[in-house]
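Look over the sequence and the model below.

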Amino acid sequence: MQGLYEQIQEAVAAIQGKWSGKPAVGMILGTGLGGLVEQIRQEATIPYQEIPHFPHSTAPGHAGRLVCGELAGVSIVAMEGRFHYYEGYSLQQVTFPVRVMQALGVKTLLVTNAAGGINPQFELADIVVLEDHINLMPDNPLRGVNDDRLGPRWPDLCEPYQKSLVAAAQRAAVELGFQAHKGVFVAVPGPNLETRAEYRMLKAMGADVVGMSTVPEVLVAIHAGLKVVGFSVVTDLCLPDCLEPVEVPKILENAAKGGAKLARLIPKVLAAIS
Ligand code: HPA
């Protein structure tokens, strides 16, 4: 059977057959946040089906293509549509694109997601820059025999999200006339949203935002030696004492509102990375 390492090489070869760029930054665009791709000076757009070993995206708001090109003068690859654990993929499948990005030459991973706001100070469509995370997914993409060519057995997580980039993102938001909060992201498996009791628990744990993605990709990025910067858009308010049923169209609407802010913020963050 072909190993992960060989599968990565195959995917890289397929991408390089269609695009000769040398990306410095990889981006993962979360639910409803694909709008940023319009700003990319696109050099190649590759449907996931054309990349060997890439899973296909089934979630709403996810297009399922790798967009290659330039944004704010930085060579990038962007995933328009990500994979989630709740879709039935293994976490190795969910994180495979991050391995491919690293093998293409990416040094920094920029992740975005739509998330529930647990911190009562957060409002709908607010931007939260991730400063740390809590992993409540029942699996880990790094579980199993470690391939030392891909990273160390016990990756360190004392600073998974680059402090300098958190500061740069917050400064950039102020320059653009809005506030970007800092916060702790907690990853849950989904697909159900949480109960009131669970939101109380997540808040007591120290989480500010909750979502069903991101942490697996960040774990693999750290394992692969990448710097990471992450953003949540608050798409629903998880206030246990006045909780309302979540409606997916409202989530997508708030994602679009927050996404418009991210689309202005991210080019400035890219400038800080390069
Ligand atoms: N919980 C989990 N995931 C989410 C939420 C939520 O409230 N909102 C958006 N993604």
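How far is a nitrogen atom of the ligand from a polar backbone atom of Ala114? The distance is 3.5 Å. A polar contact here is a pair of N or O atoms within 3.5 Å; within protein, one must be able to donate a hydrogen and the other to accept it, and residues adjacent in sequence count only if both atoms are side-chain atoms. Glu194 places a polar side-chain atom 2.6 Å from a ligand nitrogen. Tyr199 has a side-chain N or O atom 2.9 Å from a ligand oxygen. The protein buries 95% of the 260 Å² that the ligand exposes when taken alone (Shrake-Rupley method, 1.4 Å probe).

This is a predicted model: local features need pLDDT of at least 70, side-chain atom pairs count only at pLDDT 80 or more, and totals for chains, interfaces and linings use all residues. Residues are numbered from 1 along each chain as its sequence is written, and side-chain values use heavy atoms, without hydrogens and water.

Now the charges. The structure holds 9 salt bridges (a side-chain nitrogen of Lys or Arg within 4 Å of a carboxyl oxygen of Asp or Glu). In one of them, Arg65 meets Glu80 at 2.7 Å, N to O. Arg65 lies in strand E3 and Glu80 in strand E4, so the pair ties together parts 15 residues apart in sequence (strands are DSSP runs of E, at least two residues; helices are runs of H or I, at least four; both are numbered from the N terminus). Glu80 is buried at 10% relative accessible area, while Arg65 is partly exposed at 30% (buried is under 20%, exposed over 50%, partly exposed in between; 1.4 Å probe, protein chains only).
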